Amino acid sequence: MREPTFWILTALATRPLHGYGVLQEVGRLSEGQMKLQAGTLYAALDRLTAEGLVEPDHDEVVDGRTRRYYRLTDYGVIALQAETGRLERNARTATRQLSVRHGREQTA
Amino acid sequence: MRGYRAALWAYPKGPRREELLDTLTAGGRTWPTPREVGNLFRHGMRARLGRPSSRGVVVLAVLVALSTAFLSAAVASRLAWETAPDFPVGAKLAAIQETLFPGTPHWAARNGDGVVDDTLRPSTGQLLLWGHDEDFGMATLTIGPEGRAIAGDYRAWTEAAAARLAREGWDVGTTAPTGPTDIASGRLLQEGTAVEATRDGITMTVETSTAVVGTPPGSFDVTATLLRLPHGHVAALTWTGWLIGALAGWLVTGWASRRTEEAGPVAGFLTRGPVVIALFLWTPLTVIGTLGLLLETFGDSASDKPFWSLSATWGYGVTQLGVLLCLMSVVVAAVDGRRRGQQAAASAGSASSVR
């Protein structure tokens, strides 16, 4: 899973959001590390919708424009859990390796 | 807001444009940054293809766009050449002849009436049906001395002629020896010379030879062949045609892809199949032709054949068949999309009458 996809799914994990809401939430959750462009966001949303990870939740009319909200599907939740587990395992492995290196340096 | 609306043209018509506009302007911005324009163009053109999780459709669209770009560039180039300056005539031609053959009666013969030369002189109908003859190429103008032969040493004459041309402002290249190669030793058995000179959008190849039948002993045959170089506006119009063709190919592929996204297996096969066959036929010609176009634009020597010549001669039937197959795909996509649209409207109508 690519990083923008991971952050979009993460942003949608708690509640349905519209496009601008996703951009804001991704920026907040990633502490400004991930700045998604609108074109990239909607391309990802289209792809994730086609793959069944995300689906439209409801439409809202604001200032005469329809604002569509998206939510995570059950399959999207499973995919995000799997990716989170993979990242956790990777992080644990890297931490273990670094502590071994740190131990060797102290012995030397 | 207008800037965003213009950038959103890259997306297909539909609610997505408004949705994006809402997202883009929600933060209070009214004009897109160059990065945003690039991002919207890239993803908008991708969105035009539909099938968001398919990579195959992108590959197909790229190949179609490259092929239609090449075909469109070929048509644009052929038309642009019609507006290019013709070969020198009258006093200008006489001046060139006098520079090459001073004090000698001379002749000039044009090969091809217009832009190109096809020795079979086909009618428009024959041309559309069969394409050009294999020897077809750009029109040329050949000049030479009366009787073709000049008495003396061809090397000395070539050297003097090159000097005269240089004095008249021609950019003269190096003189190359010409003749057959001895198979046993691999050595060139020199029988003549060739030298190229360029000026005012014309390139002239001056060739001498002692091996031409009927050349008297102590003399040599000499001819100069003039070829027009593509002018700047020809290249500009050709590449404009290339861009228009690429865009058209991409947009039509996108339209057909979106229209058949929900199609059944038969309609899907009848849309994709002919395009895949057309690409199989077109791609070699597209690659060769596009390389020729790049050489014609950025190379430093003139070619006596247009970059699209293979598609108009040996590859003409293949090109025609490819066009027909692509048209078939478009027709299937149009008919199937319309049929499913009517079915959807009918089912929506019956659902509302039940209510």
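The largest nonpolar core of the predicted model comprises 30 residues, and B:Ala61, B:Ala65, B:Ala69, B:Phe70, B:Ala73 and B:Ala278 have the most contacts inside it. A nonpolar core is here a set of buried Ala, Val, Leu, Ile, Met, Phe, Trp, Tyr and Cys residues joined through C-beta atoms within 7 Å. A residue is buried if 20 or more other C-beta atoms lie within 10 Å of its own, exposed if 12 or fewer, and partly exposed in between, with C-beta atoms placed from the backbone. Two or more residues of this core come from each of α4 (56-82), α8 (232-259), α9 (265-298) and α11 (316-354) of chain B. The helix α4(B) gives the most, with 14 residues. Helices (H or I, at least four residues) and strands (E, at least two) are DSSP runs numbered from the N terminus. Apart from this core lies another, of 29 residues, which includes A:Val22, A:Leu36, A:Tyr42 and B:Tyr4.

Residues are numbered from 1 along each chain as its sequence is written, and chains are lettered from A and ligands numbered from 1 in the order in which they are written. As the model is predicted, local features need pLDDT of at least 70 and side-chain atom pairs count only at pLDDT 80 or more, while totals for chains, interfaces and linings use all residues.

Two residues are in contact if their C-beta atoms, placed from the backbone, lie within 7 Å. When neighbours within four places in sequence are left aside, B:Ala278 is in contact with B:Gly322, B:Leu325 and B:Cys326. B:Leu294 is located in α9 of chain B. This residue counts as exposed because it has 11 C-beta neighbours inside 10 Å. Its C-alpha lies 10.0 Å from that of B:Trp239, a residue 55 places away in sequence.

Chain B contains 11 helices and 8 strands. Its radius of gyration, taken over C-alpha atoms, is 29 Å, well over the 20 Å that the globule rule gives for 355 residues, so chain B is more spread out than a compact globule. The globule rule is 2.2 Å times the number of residues to the power 0.38. The C-alpha trace of chain B spans about 105 × 50 × 45 Å along its principal axes. Of the 355 residues in chain B, 33% are buried. Among contacts in chain B between residues at least 6 apart in sequence, 71% join residues at least 24 apart.

The contact between the chains takes 17 residues from chain A and 19 residues from chain B. On the side of chain A that touches chain B, two or more residues come from each of α2 (19-29), α3 (38-50) and β3 (65-72). The most are given by α3(A), with 8 residues. This side of chain A divides into 6 nonpolar, 5 polar and 6 charged residues. Ala, Val, Leu, Ile, Met, Phe, Trp, Tyr, Cys and Pro count as nonpolar, Asp, Glu, Lys and Arg as charged, and the others, Gly among them, as polar.

Chain A also holds an open sheet of 3 strands in the order β1-β3-β2, with antiparallel pairing. Strands pair if DSSP finds at least two bridges between them. Strands β2 (residues 54-62) and β3 of chain A pair over 7 bridges. A:Asp59 stands opposite A:Arg68, and A:Val54 has A:Leu72 as its bridge partner.
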